[in-house]
Amino acid sequence: GRKPKNINLEQIPTIPLNKRSTIRSLAWQLGCSPTTLRRNFKLNLIKRHTNYVKPALKEKNKKDRMEFCMS
């Protein structure tokens, strides 16, 4: 087998959340391919985090969202 490419996993927490929310964007930030990253998930080197917390939409958000959808 090929030698696993070393990714600096310590670097991950320093990447802003919006830039590491998908495998593709995280891979790009780390300078590796998404496949390499997926392999690391498989080897349990990295843990996936899913955020189920959906803050309740405030009234203004609802109105803004409706207007955006209607536009």
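The dialogue below moves from the chain to two of its residues.

Q: What should I know before I start reading?

A: This is a predicted model, in which local features need pLDDT of at least 70, side-chain atom pairs count only at pLDDT 80 or more, and totals for chains, interfaces and linings use all residues. Residues are numbered from 1 along each chain as its sequence is written, and side-chain values use heavy atoms, with hydrogens and water left out.

Q: How many helices and strands does the protein chain have?

A: Helices (H or I, at least four residues) and strands (E, at least two) are DSSP runs, numbered from the N terminus. In the protein chain there are 3 helices and 0 strands, which gives the pattern α-α-α along the sequence.

Q: Is Ala27 buried or exposed?

A: A residue is called buried under 20% relative accessible area, exposed over 50%, and partly exposed in between (1.4 Å probe, protein chains only). Ala27, which lies in helix 1 (residues 23–30), is buried because its relative accessible area is 0%. Across the protein chain, 18% of the 71 residues count as buried.

Q: Which residues does Ala27 touch, not counting those up to four places away in sequence?

A: Contact means heavy atoms within 4.5 Å. With residues up to four places away in sequence left out, Ala27 touches Cys32, Ser33, Pro34 and Leu37.

Q: Where is Asn40 found, and why does Asn40 count as buried?

A: Asn40 belongs to helix 2 (residues 34–42), and Asn40 counts as buried because its relative accessibility is 8%. Leaving out residues up to four places away in sequence, Asn40 touches Ile7, Leu45 and Ile46.
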